[in-house]
Amino acid sequence: MYEKIVAPTTGSKITFKDGSPIVPDDPIIPFIRGDGTGVDLWPASQKVMDAAVETAYGGKRKINWFKIYVGDEACDVYGTYQYLPQDSLDAIKEYGVAIKGPLTTPIGGGIRSLNVALRQIFDLYACVRPCKYYAGTPSLHKTPELLDVIIYRENTEDIYLGIEWPKGSETGKKLIEFLNNELIPATPEHGKKQIRLDSGIGIKPISKSGSQRLVRRAIAHALRLPKDKQQVTLVHKGNIMKYTEGAFRDWGYELATTEYRAQCVTERESWVLGNKEQNPDISLEDNARLIDPGYDALTPEKQAKIRQEVADVLFAIWDSHGSGQWKEKIMVNDRIADSIFQQIQTRPGEYSILATMNLNGDYLSDAAAAIVGGLGMGPGANIGDECAVFEATHGTAPKHAGLDKVNPGSLILSGVMMLEYMGWQEAADLIKKGLGAAISNGEVTYDLARLMEPPVPELKCSEFAEAIIKHFAD
């Protein structure tokens, strides 16, 4: 079946039903070592995961690892420029769940990004990035422990779809001329806008189906969290990009108030309900005035629309959500993208799950990771309905490759996410416990050691893994 790889002779396949994995006790899981420091990170991470599974289940469960090749290592095996061989794609498709170290983005034509290619090939539409602080991790923020968020980033649309043309290209010029001469003038709201002829041009598609399947996963995740963390925030720039990012927000609210009506309340609905709870005799107009402070300055038509909104909310959900019942529901709200970058720093405890589009999510996940200790401690997963790939979120750092020096925390914590996804929570909890204890005890790699006060001796990558395992017994 495969050209140059051989699957394990023992173990079983993970299958999927309704978008969720069905995991045997002996799953075969393909792994991609990764480029650069992957040569150090993967052995350390595998050692920690295997030890956790053995400790948690006493031999009743075991991962059967299947080595496959992507990136520079694939070129060594399959030939020049064979960064993404069919063997590896077939293995990921067959076994469903995979994990990988960091990959180099090829220079030159062809594949723009191996990471993006894998997400698009397997329709891994949800990029999931938890950002949680482990006590003792050096951070430039005074209270990094207050941030505990999970970012759900749409993975397959937005400008990352990669549909663009360079300045001066024949297709680009034709598209600009068509937009300038035909489409823009035909849309009155665009006025006399024109695209400069010396522009590069790209397409930003945001679909209803793509948006809602991401928000669906985010809400489903929120249902599994403790009550005080059951919140989903839709992050967007809809005040400017009304038909793409604004539509993402609207479609997210639509999903929450239809498919998850019994489990969700929107922030604005909670205001309407709360106002009536505080004053049972409040009029529709006074309620409208409280939920929209600019009410009195609005036109009569807009005032009527807000009064109707209040009436609709009370009619539809007062019995099911009123009298304080909404406080037990998942809160769905939205924030403008630039504002959320400030708020995760100034009001971090107010947020739990952030659901957003591709580009916003790229920025936001790295910014949040910086607060809790950097990308070296940032795990990631790319999840679809029939496949999931877990990954280190940082680069390959080739100058450190083979030195047994770098921090394996990102890949180890991605392994934690994989174990949780598989339902092996006991093993995942062991790793989180061991990692937290090692950091608190000052047993860390150079990147963390150099920032600690007082300074602590630095451990090698492999030694950090051993320290984590040692603390399983604490």
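## A buried lysine and its partner

Lys100 is buried, at a relative accessible area of 2% (buried means under 20%, exposed over 50%, partly exposed in between, with a 1.4 Å probe and protein chains only). Glu391 is buried as well, at 4%. The side chains of Glu391 and Lys100 meet in a salt bridge of 2.9 Å, N to O (a side-chain nitrogen of Lys or Arg within 4 Å of a carboxyl oxygen of Asp or Glu). Because Glu391 lies in strand S15 and Lys100 in strand S5, the pair ties together parts that are 291 residues apart in sequence. Helices (H or I, at least four residues) and strands (E, at least two) are DSSP runs, numbered from the N terminus.

The model is predicted: local features need pLDDT of at least 70 and side-chain atom pairs count only at pLDDT 80 or more, while totals for chains, interfaces and linings use all residues. Residues are numbered from 1 along each chain as its sequence is written, and side-chain values use heavy atoms, with hydrogens and water left out.

## The sheet

An open sheet of mixed pairing is formed by 11 strands, in the order S4-S3-S5-S15-S14-S6-S7-S13-S10-S12-S11 (two strands pair if DSSP finds at least two bridges between them). Its edge strands, S4 (64-68) and S11 (264-266), each pair on one side only. Strands S14 (residues 379-383) and S15 (residues 388-392) are antiparallel and share 5 bridges. In this pairing, Pro379 stands opposite Ala392 in S15.

Helix H1 (residues 38-57) lies across S3 (28-32), S4 and S5 (97-100), running at about 160 degrees to S4. Helix H3 (residues 86-95) lies across S3, S4, S5 and S15, at about 155 degrees to S4. Contact means heavy atoms within 4.5 Å; axes are lines fitted to C-alpha atoms, for helices over the stretch in contact, and angles run from 0 to 180 degrees between N-to-C directions.

## Other salt bridges

The whole structure holds 30 salt bridges. In one of them, the side chains of Arg213 and Asp123 meet at 2.7 Å, N to O. Arg213 is in helix H6 (residues 208-223) and Asp123 in the loop between helix H4 (114-121) and strand S6 (126-132), 90 residues apart. Asp123 is partly exposed, at 33%.

Arg129 and Asp366 form another salt bridge through their side chains, at 3.2 Å, N to O. Here strand S6 holds Arg129 and helix H12 (residues 358-371) holds Asp366, 237 residues apart. Arg129 counts as buried at 6% relative accessibility, whereas Asp366 counts as partly exposed at 31%. Glu285, Asp286, Arg289 and Asp296 are linked in a network of salt bridges.
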